[in-house]
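Please look over the sequence and the structure shown here before reading on. The briefing that follows takes up helix packing, individual residues, backbone angles and the relation between the chains.

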2 protein chains.
Amino acid sequence: MTAAVPGSAMRAEIREQPDALERLLSDLDPIREAAGLLRSRELVRLAAHGTSDAAATYGVYAFGIAAGRTALRDAMSLTVYYDAPLRLAGDAVVAISQSGRTPDVVQHALAARRRGAAIVAVTNDERSPLAEAADLVVPLRAGSERAVAATKTYATTIAALGLLAAEVQGTGAAFAEGVARTVEAQRGLIDEAEAAVAGTVEGFREVERMFVIARGIELATARETALKLTETCRIVAEPLTSTDLSHGPVAAVMPHVPVWLVASGDATATALTEAARRARAAGATLVAVGQAAGTIPDATVRLPVPAAPSPLHAPLLSVIPGQLFACALALARGLDPDAPAGLAKVTEVP
Amino acid sequence: MTAAVPGSAMRAEIREQPDALERLLSDLDPIREAAGLLRSRELVRLAAHGTSDAAATYGVYAFGIAAGRTALRDAMSLTVYYDAPLRLAGDAVVAISQSGRTPDVVQHALAARRRGAAIVAVTNDERSPLAEAADLVVPLRAGSERAVAATKTYATTIAALGLLAAEVQGTGAAFAEGVARTVEAQRGLIDEAEAAVAGTVEGFREVERMFVIARGIELATARETALKLTETCRIVAEPLTSTDLSHGPVAAVMPHVPVWLVASGDATATALTEAARRARAAGATLVAVGQAAGTIPDATVRLPVPAAPSPLHAPLLSVIPGQLFACALALARGLDPDAPAGLAKVTEVP
């Protein structure tokens, strides 16, 4: 164990992502079984906080695009606090918590189950209270995660949601094959991105606030990158869609407020290019990440990633520069990314 | 016209909110008609950006609590960019845009209508492209809004959504009576809050980043307050649920990072008190706003508002200190809140 060396746990777990994903792919039976349950249900209600909620954002797009199903990030306080008279009997709740111990998520799952919803738990702990509350469990098989800042459980969660959505539509095998190819691309990317990031973080040592921008599928990557920067580097990094940036927040973009832009090469490219133009016009340092990083005009820093088999596989790659950047920048700022201020690995507050 | 005096338009429009709400209440027929359309539909899909999207967050709670209906903030890029094969025929889209000209929202409404969804436009311009794209229009009747930072259209939008949700359940008249009583409370509050805010903003002149926290219904207030602070004061103000603050971002709370907490007096009080405790433990200046502001232990600043007829009426009051604070703080920082950098009144970018 090298947990006493600052950042060693987070760095090791970032590097373990390909292996963790291969373990997930090694047994798709739980995902097939869960997909069978979801197929007979109407809405897919995703319930999560923190990193798992960033993954839930991915789930909205995965279920929409791969399965033609409406998925939503559930407003858990409707059941947990307000006892709202929602009809849930025809729906499924996909409850996501790496620890399986997030109090809200467990309570919401229990309340929804009492009202007739089917519950699928996506968790890294098959013996957790969330797993016990569920009809079926999709185990993440990420292995023990020691760093407070989740990385490998994020990757396995989005892969599990993508596989689940594709399997609902009967295309799970092809999606799994795409994940396997993406894992190979990850292995090369991690070393390359780590080297690229090492030469970049020095310029961000004094940064206190940022915006992290994407549109569509990669919004999950923006949310997760922003969360990593916030919890490990103590930067207030706000994730926004490229369009929402223009609906107000762009007024706060200026030279000392960098903009991190996740440039997918998909149909949203025009919106991202326009957001990049506005950020640069306001004088911001612009970091372009993703497989279309090279196409963003006038980016200050580019952190490209390999092409993914499909836009729904791209987030497995485009989050990696952000994870590595947050880890390296925290260290450059004298912080230990494995032990952020005021946080524990399992969040048990209301 | 006094538009040349910085902040005069925003201040005037904040003060016009009670009158604007009374105009909305003066003719509830469009809301009754729209509720009739929604009653026969499954999901309520809310589509909006910016301030209208903060209002959509309110809509999720209003439809859930007042009508037992699942409403979601739609991922518009699923239709606008990805042409995802969603089944929308049984659903309704409530498309919200004060200008009625937000390109995404109009495109999403048109795409959903082609697929059989019923479209209700909530807009301040009955002749806008969005109104033309809709089956039915709920006019906000806020009057011309000159300030870029929307205030009176936010108030009328959340009131319209609350009325719509209640009317779906057949309780629209009682809800309208509650809005009328809330309007009376607003009239007294505006002068009091303006005076309270005037004595407070000086301490925030150097603030560059903040968190704005709530849980449940008041999350809409948190999102809208954060957006006002961001666009008028150039503060990166990130809105979060009190629970999500604990899932990572609390690590970035420290003495120069204030936390603005919307303290509703409803069932979420425990979660808010815990978030307040964590913010204070991290050394943050804590601003407690809302009808339970007095119950938050150890708040640095308290901006109380009168008790509302019900938790769903409270956001019409609790947003007002935030609007006034943003306007006053922008002026104290030498900025014109009526003309934020890089923004136009109608956002027409992709």
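**Briefing on the predicted model**

In chain A, helix α4 (residues 50-67) packs with helix α10 (residues 219-233) at an angle of about 170 degrees, their axes being 8 Å apart. An angle over 145 degrees counts as roughly antiparallel, and α4(A) is therefore roughly antiparallel to α10(A). The model is a predicted one, and the points below are grouped by topic.

**Helix packing**

- The α4(A) side of this pairing is formed by A:Gly50, A:Thr51, A:Asp53, A:Ala54, A:Thr57, A:Tyr58 and A:Tyr61, which meet A:Leu219, A:Ala220, A:Arg223, A:Glu224, A:Leu227 and A:Lys228 in α10(A).
- In chain B, the axes of helix α4 (residues 50-67) and helix α8 (residues 152-168) come within 9 Å and cross at roughly 20 degrees, and these two helices are therefore roughly parallel to each other.
- The crossing of α4(B) and α8(B) is right-handed, and the residues that make the contact include B:Ala55, B:Tyr58, B:Gly59 and B:Phe63 of α4(B) together with B:Thr157, B:Ile158, B:Leu161 and B:Gly162 of α8(B).

**Helix α12 of chain A**

- Helix α12 (residues 269-281) of chain A has 13 residues, which at 1.5 Å a residue should span 18 Å, and this agrees with its end C-alpha atoms, which are 18 Å apart.
- The buried residues in α12(A) are A:Ala271, A:Leu272, A:Glu274, A:Ala275, A:Ala276, A:Arg278 and A:Ala279, and the buried residues of this helix pack against β6 (209-214), α11 (242-246), β8 (259-262) and β9 (286-290) of chain A.
- An α-helix has 3.6 residues a turn, so residues three or four places apart point the same way.
- After α12(A) comes A:Gly283, which has a positive phi, near 90 degrees.

- A:Thr157 is found in helix α8 (residues 152-168) of chain A and counts as buried at 3% relative accessibility, the cut-off for buried being under 20%.
- Once its neighbours within four places in sequence are left aside, A:Thr157 is in contact with A:Ala55, A:Ile96, A:Val122 and A:Leu140.
- A:Thr157 and A:Asp27 are 130 residues apart in sequence, and their C-alpha atoms lie 15 Å apart in space.
- A:Thr241 lies in strand β7 (residues 236-241) of chain A and, at 12% relative accessibility, counts as buried.
- Again leaving aside neighbours within four places in sequence, A:Thr241 is in contact with A:Ile213, A:Ala214, A:Arg215 and A:Leu219, and also with B:His49.

**Positive phi in chain B**

- B:Asp83 is not a glycine, yet has a positive phi of about 45 degrees; this residue lies in the loop between α5 (77-80) and β3 (92-96) of chain B and is exposed, with a relative accessible area of 55%.
- B:Arg234, also a residue other than glycine, has a positive phi near 60 degrees; its place is in the loop between α10 (219-233) and β7 (236-241) of chain B, where B:Arg234 is partly exposed, with a relative accessible area of 24%.

**Relation between the chains**

- Chain A is superposed on chain B by a rotation of 180 degrees with 0.0 Å of shift along its axis (RMSD 0.0 Å), which is the relation of a two-fold axis.
- The C-alpha of chain A nearest the axis belongs to A:Glu238, at 2.9 Å from it.
- Because 100% of the interface residues of chain A are also interface residues in chain B, the copies meet through the same surface.

How values were computed: Residues numbered from 1 in each chain as written. Chains lettered and ligands numbered in written order. Predicted model: local features only at pLDDT ≥ 70, side-chain atom pairs only at ≥ 80, totals over all residues. Heavy atoms only, no water. Helix = DSSP H or I, 4+ residues; strand = E, 2+ residues; numbered from the N terminus. Expected span 1.5 Å × (residues − 1). Buried < 20%, exposed > 50% of the residue type's maximum accessible area, 1.4 Å probe, protein only. Contact = heavy atoms within 4.5 Å. Least-squares fit on C-alpha atoms with pLDDT ≥ 70 in both. Axes fitted to C-alpha atoms, helices over the stretch in contact; angles between N-to-C directions. Parallel < 35°, antiparallel > 145°, perpendicular 65-115°, else oblique. Left-handed = near helix turned anticlockwise from the far one by under 90°.
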